[in-house]
Each structure stands twice: as C-alpha cells, then as structure tokens.
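Colleague: I'm new to this one and would like a close look at a single part: the place where the two chains meet, and what sits around it. Could you walk me through it?

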Protein chains: 2
Amino acid sequence: MIFGFVIPYRDVCQLAKPHNVDWLKRRLAINNIFRFMLAKRHVYLQVCTLITSVKNEKIKLVRALADNQYRKASKKIVCEGLRLVSDALKKGLKPEFILYSEDVFQSTSFQQYFSKQLFSKPIAWKTTQQVISSISDTVTCQGIVAVFEQPSNVIPLRPDWVLICDKIQDPGNLGTLLRSAAAVGVDGVIVSPESTDPYGIKVLRGGMGAQFAIPITVCEDWKLFLQLVRELDVSFFLADSKAEYSHYDLHLVEPLAVIVSSEAHGPSCYVRQLNPVEFKIPMQNSMESLNVAVAGSVFLYEVLRQRRAVIQKN
Amino acid sequence: MIFGFVIPYRDVCQLAKPHNVDWLKRRLAINNIFRFMLAKRHVYLQVCTLITSVKNEKIKLVRALADNQYRKASKKIVCEGLRLVSDALKKGLKPEFILYSEDVFQSTSFQQYFSKQLFSKPIAWKTTQQVISSISDTVTCQGIVAVFEQPSNVIPLRPDWVLICDKIQDPGNLGTLLRSAAAVGVDGVIVSPESTDPYGIKVLRGGMGAQFAIPITVCEDWKLFLQLVRELDVSFFLADSKAEYSHYDLHLVEPLAVIVSSEAHGPSCYVRQLNPVEFKIPMQNSMESLNVAVAGSVFLYEVLRQRRAVIQKN
C-alpha cells in the first residue's frame with residue numbers, strides 16, 4: 001500500500017531530522033519509508049507501508065542478486081530464513097535491508113532468533129507473503145529475506161590450517177564443506193576458480209552460517225590462486241583415491257592446507273603443481289570414492305584429533 | 001518402430017526355439033522382441049525394434065516406480081546412468097530390463113563400464129533419446145535406465161557395526177550416508193520409519209552403488225524397528241550436539257550401532273528408548289551442527305581408525 005501527501009518546502013529540513021522521522025513513523029504506525037519528490041516549492045512525501053509489488057526496487061534487487069556475476073560485482077549477499085539472517089546479524093554483517101512478511105511472526109522458532117523490535121527499524125520492510133515467496137529459494141518460505149554486504153575477513157598470513165576447494169561446483173557440497181571447516185575451526189577457506197560461488201543462496205543455506213564465521217577467499221583466476229596459496233607457508237595435502245597412504249598414516253599437526261577436488265573431474269592440474277602429499281580415505285566394498293564434503297570433513301576431523309592429542313599430551 | 005508379419009501356425013514351435021530366435025534376431029539386425037498373437041491358424045509375429053512411445057509398458061513401469069508406495073510394493077528399483085547400472089549388474093542384481101538410447105555408446109566412459117554385447121541381449125530395449133529423457137531423473141541423461149529386483153541381503157545376527165538412520169528424510173543425505181557406510185564396511189544399515197526410501201532414485205544416485213554392497217533393512221513400523229535393533233546385541237551410540245563427551249573420547253572397538261538423526265527434528269523418542277551413549281562431534285565458531293551425513297561419516301571413520309589401531313597393535 002502506498003499513499004502520499006504534499007507538504008510545504010519550508011518544512012522539509014525540519015522533517016528530515018531523525019527525531020521527526022521517528023515521530024512520523026510512530027504517528028502513522030508505519031516503519032517505512034519516505035521518498036521526496038520536489039514539485040515547485042512543495043515536497044511530495046510518499047509513505048510506503050507495505051511492499052505489494054514484485055516490481056518494487058528491493059524485490060528486483062534480490063532477484064538480480066541470484067545472478068552470480070551481478071552478485072560478485074555488487075559484493076552483496078542474500079540470506080533467507082530466520083536462522084541465517086539472525087546469524088549474519090550476530091556476526092556483525094551490515095544489512096542493506098530486511099524484507100519480511102507477517103508469517104515470520106507465526107514461526108515457532110521466531111523468538112529463538114529475533115526480538116520484534118528489529119522489525120520496527122527502518123531497515124525492515126514489510127511485504128506480502130506473495131511478494132516474499134516470489135523471491136524465496138525454498139518451498140516453504142519462512143517470511144524473511146535480507147540483503148547484506150559480503151563478509152570481508154582475511155585469512156591470516158601464517159595459518160595453522162586452511163581448506164582449499166578445488167573446482168567444487170555443487171552448491172550443496174560446497175556449503176557442507178564450509179560448514180565442516182567452520183566447525184573444526186580452520187583459519188580460512190580458499191575457493192579456486194571454476195568453483196561455485198560460496199555466497200550463492202544454496203551454498204549459504206548449506207553453510208548454516210559458516211560464511212560469516214571464517215574467512216573465505218574466492219579466486220577468479222588460476223594464476224592468482226597459485227600465487228595466493230604458495231604464500232601460505234603450509235604443507236599441501238590432496239585427497240586422491242589412488243594414493244598409497246591413508247589419512248590415518250599422516251602426521252597432521254604442522255601447518256597444512258588440505259585440497260579437496262570435484263568428484264566429477266578430479267584434482268585440477270593447478271593443484272598438482274603445488275606438489276601436495278596425496279592421501280586416500282580407506283574404502284571397502286569396491287566403493288570408488290566418498291562424497292567430496294564427507295572426504296574433506298573426515299580429513300579435517302582427523303587433523304583435529306591429532307592436534308587435540310598433542311595438546312593433551314603436553 | 002514396430003512392424004510385424006504373419007507366419008503359419010506350424011512354424012511357431014520351431015520359431016520359439018532359442019537358436020531360431022537368435023537367428024531371427026541376427027537376420028533382422030534387431031535385438032527386440034517378439035509378441036505372438038494367434039489369428040486362426042496363423043501367428044502374427046510382432047517385432048519391436050525401437051521404443052518410440054512414452055506410453056510403452058516399460059516406460060510406464062519406470063515412471064510408476066518413481067512412486068514410493070508402488071516401488072516398495074513391487075520390490076523393484078530403477079537405476080540410471082552407466083556407473084549405477086554397471087554396479088548393479090556386477091553385484092549380481094537381477095535386471096528386469098535395460099532401456100538405452102543410441103547416446104549411451106557416445107559416452108566417453110561407456111567402455112569403462114560396458115561391452116556392447118550386453119545391448120544385443122533380449123533384456124536390453126532400445127528407445128529414442130526423447131523417450132529415455134522423459135523417464136530420466138537427471139538434467140543430461142546418459143541414455144541408460146534399468147529396472148532391477150531390489151537387493152535382499154540380510155544383516156548378520158551378530159554384527160560388528162551397524163548404522164541406524166533415524167528419520168533421515170533428505171535423499172541426498174541418506175545416499176551419502178549409505179555411501180560412507182559401504183566405504184567403511186559396516187555390516188548393515190537399518191533405516192527407521194519416517195525416513196526416505198533408500199531405493200529411491202535420488203538416494204541410489206547419492207549412494208553410488210552402496211545399496212548393492214551392504215545389507216539394508218527398511219522398517220516401516222516403530223515397534224518392529226525397536227524389536228529388530230534390540231536383537232542386535234550391540235551398544236548404541238547417538239550423535240547429539242548437546243552431549244558431554246566427544247566421539248574422540250569413546251572406546252569404539254566393541255560391537256556397536258551408531259544412530260544418526262534428522263537435522264531438522266533431532267533424535268526420535270524411539271531411539272532414546274535404546275539408552276544410547278550420547279556423543280558430540282566437537283565444534284568451534286558457534287556452529288550448531290554438522291550436516292548429518294558428515295556427522296555420521298566422521299563417527300564411522302573414527303570407529304575404523306580405532307579398530308585398525310587395535311589390529312596394528314596385535
């Protein structure tokens with residue numbers, strides 16, 4: 001619903017002051033928002049209480065951000081769902097705006113993640129369920145979608161351990177890998193060229209907040225990728241089912257980077273240039289491979305086990 | 001393409017002999033198939049060289065088998081793709097029929113899995129690419145879909161280790177869990193009620209042949225489920241992020257069953273009745289949980305590590 005009214009120009013400066021904006025919002029029982037359009041010596045004040053159109057600028061932006069190229073260029077991310085939006089806010093990500101529908105308050109887990117107060121702030125825009133569903137990536141939309149600035153944490157210069165994702169193209173697998181990487185507490189993740197974008201909406205959903213918890217560096221170019229990883233001062237380990245030694249046989253307490261590669265294509269020629277130590281995860285029953293996210297996670301948890309054992313010994 | 005011709009009744013018995021069928025197949029350069037229809041003292045021999053209709057009985061059967069209830073009742077499974085069909089044949093599963101299109105021979109990995117001979121056998125039915133794509137569950141159909149009898153291996157009475165899937169509803173997660181379970185070499189997997197069917201086409205794809213490698217018991221009823229698992233003579237372990245001890249702290253060399261539960265709903269009240277030892281997988285960065293397939297796999301590989309260590313010691 002959009003309505004508007006005209007006020008004299010002389011009142012504009014007064015109105016634009018924050019406390020007056022607040023007063024007007026309380027007065028009109030709305031939380032959104034003003035657009036000023038100069039018409040001679042008057043100002044047209046447009047008050048939008050509810051986004052009802054899928055052609056609204058914010059709705060169009062969310063839809064545009066589904067495009068990989070546009071998202072990368074704009075350095076923005078779209079988060080959907082109570083848990084993910086709440087995680088992003090808790091980790092200090094700067095929200096551009098939050099879209100919600102009345103349904104969000106009906107969710108049984110609403111109070112676990114939010115106070116109602118947030119939704120009366122100017123960053124929160126109410127929409128109809130129909131409009132928010134039109135930009136939702138899930139079957140049953142929880143009624144909350146938000147746009148944030150992309151996190152910009154940097155991997156430390158001398159990391160203890162790093163995960164390198166080599167051409168991981170499946171969003172579910174990359175999300176799961178990031179989730180495990182954040183859970184074991186790696187110092188960062190490097191995503192190679194030809195991988196899916198770790199800030200894609202499906203990867204964010206699979207990551208369950210991992211993207212806000214650990215630094216992730218995305219390389220768009222193999223030359224830059226090699227340059228970056230060579231600067232790390234770590235030993236490289238590469239999962240390869242044809243390797244001689246299993247991950248149980250390796251000493252994994254020194255600084256390391258573990259490389260996991262696409263199941264479909266195997267390790268890329270670029271990661272082979274790093275002369276990694278190859279290892280396999282033992283397998284029975286003539287199984288040829290594990291799911292890539294499982295293989296990476298099993299390795300990372302073996303690293304964690306060995307490091308905890310060293311700490312307990314000392 | 002279907003064509004037919006009429007032959008005298010007296011030749012029918014002769015024609016029906018296997019070596020004559022083979023001769024006719026060579027003669028007509030076809031590999032499919034005969035239907036006899038009696039018309040007075042003659043027989044109408046119908047030769048179907050190519051399935052061109054999506055209304056063909058076999059195509060309709062494959063489509064019907066996408067339905068969970070129908071598939072469970074019929075005890076049949078649908079496998080798609082070179083790798084999976086080849087795996088099922090290698091593990092001795094009995095094929096009902098194999099559907100293929102000319103495209104299957106173009107695949108670069110064709111020779112890795114098949115000899116062309118198979119496709120001249122009466123179980124192999126050629127279809128158009130359009131028809132086979134209509135029953136394919138993948139974006140780019142490899143041109144091979146087959147129907148098999150469901151595997152019927154039984155979990156041994158005194159297993160060393162078993163995986164119990166408690167209400168795992170995501171096909172990708174169940175497939176990945178089965179794949180890991182087959183890879184570590186568990187003695188069997190028990191799938192609880194309210195789980196997705198391990199023989200669904202997406203789970204088969206995720207399992208990468210696991211369903212043919214290890215015994216899987218599907219329980220449709222919680223009472224039967226409890227009865228079955230109580231008979232196992234194992235200790236139960238349950239993944240729960242709120243548990244006090246981590247899986248590293250547990251002694252895992254005695255016979256055991258590990259229970260992994262749905263991320264969305266947590267452990268069911270029924271598995272709690274088994275008084276399982278609860279364990280957590282350690283997590284940093286305020287991550288609340290791991291992907292269920294990762295959690296299960298990380299635990300199974302810790303069991304394998306401990307058991308290998310015992311063997312190496314002795």
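**A helix and the contact beside it**

Modeller: Let's start with helix α5 of chain B, residues 82-90: 7 of its 9 residues are buried, so the rest of the structure largely encloses it. Bear in mind that this is a predicted model. The buried residues of α5(B) are L82(B), R83(B), L84(B), V85(B), S86(B), D87(B) and A88(B). What do they pack against? In chain B, their partners are the strands β4 (76-80) and β7 (144-149), along with the helices α6 (110-113), α9 (201-207) and α10 (210-213). After α5(B) comes G92(B), with a positive phi near 85 degrees.

Now pick out R83(B) from that helix. R83(B) makes a salt bridge with E288(A), and the closest N and O atoms are 3.5 Å apart. Since R83(B) belongs to helix α5 of chain B, while E288(A) is in the loop between β13 (277-279) and α13 of chain A, the pair joins two chains. Is R83(B) buried or exposed? Its relative accessibility is 13%, so R83(B) counts as buried. E288(A), with a relative accessible area of 39%, is partly exposed. There is also a network made by salt bridges that share partners: R83(A), D87(A) and E288(B) are joined in it.

That takes us to the contact as a whole. Chain A puts in 39 residues and chain B 40 residues. Between them the two chains bury about 3100 Å², and 54% of that is on carbon and sulfur atoms. How many salt bridges cross the interface of chain A and chain B? There are 4 of them. The interface also has 15 residue pairs in polar contact, counting pairs with both residues at pLDDT 80 or more. On the side of chain A that touches chain B, the elements giving two or more residues are α8 (171-184), α10 (210-213) and α13 (292-313) of chain A. The one that gives the most is α13(A), with 9 residues. Sorted by class, this side of chain A has 18 nonpolar, 13 polar and 8 charged residues.

Another pair to find is R179(A) with E263(B), a salt bridge whose closest N and O atoms are 2.7 Å apart. This pair crosses between chains too, running from helix α8 of chain A to the loop between β12 (256-261) and α12 (269-272) of chain B. R179(A) has a relative accessible area of 3%, so it is buried. E263(B) is partly exposed, at 35%.

Over all chains, the structure holds 32 salt bridges. Take the one where the side chains of D137(A) and K202(A) meet, at 3.8 Å from N to O. This pair links distant parts of the chain, 65 residues apart: D137(A) is in the loop between α7 (129-134) and β7 (144-149) of chain A, and K202(A) is in helix α9 (residues 201-207) of chain A. D137(A) counts as partly exposed because its relative accessibility is 28%. K202(A), at 46%, is partly exposed as well.

While you're in chain A, have a look at helix α11, residues 222-230, where W222(A), F225(A), L226(A) and V229(A) are buried. Why can we say that they line one face of the helix? Looking down the axis of α11(A), the buried residues fall within an arc of 95 degrees, so one face is what they line. An α-helix has 3.6 residues a turn, so residues three or four places apart point the same way. The buried residues of α11(A) pack against β8 (161-166), β9 (188-191), β11 (235-239) and α12 (269-272) of chain A. At the start of α11(A), D221(A) has a side-chain oxygen that reaches to within 2.9 Å of the backbone nitrogen of K223(A).

Last stop: K75(A), in the loop between α4 (68-74) and β4 (76-80) of chain A. With a relative accessibility of 52%, K75(A) counts as exposed, because the cut-off for that is over 50%. Leaving aside neighbours within four places in sequence, K75(A) is in contact with F148(A), E149(A) and Q150(A).

Definitions and conventions
Residues numbered from 1 in each chain as written. Chains lettered and ligands numbered in written order. Predicted model: local features only at pLDDT ≥ 70, side-chain atom pairs only at ≥ 80, totals over all residues. Heavy atoms only, no water. Helix = DSSP H or I, 4+ residues; strand = E, 2+ residues; numbered from the N terminus. Buried < 20%, exposed > 50% of the residue type's maximum accessible area, 1.4 Å probe, protein only. Contact = heavy atoms within 4.5 Å. Buried area = accessible area lost by both parts, 1.4 Å probe. Polar contact = N/O pair within 3.5 Å; in protein donor to acceptor, adjacent residues only side chain to side chain. Nonpolar A, V, L, I, M, F, W, Y, C, P; charged D, E, K, R; others polar. Arc of directions from axis to C-beta.
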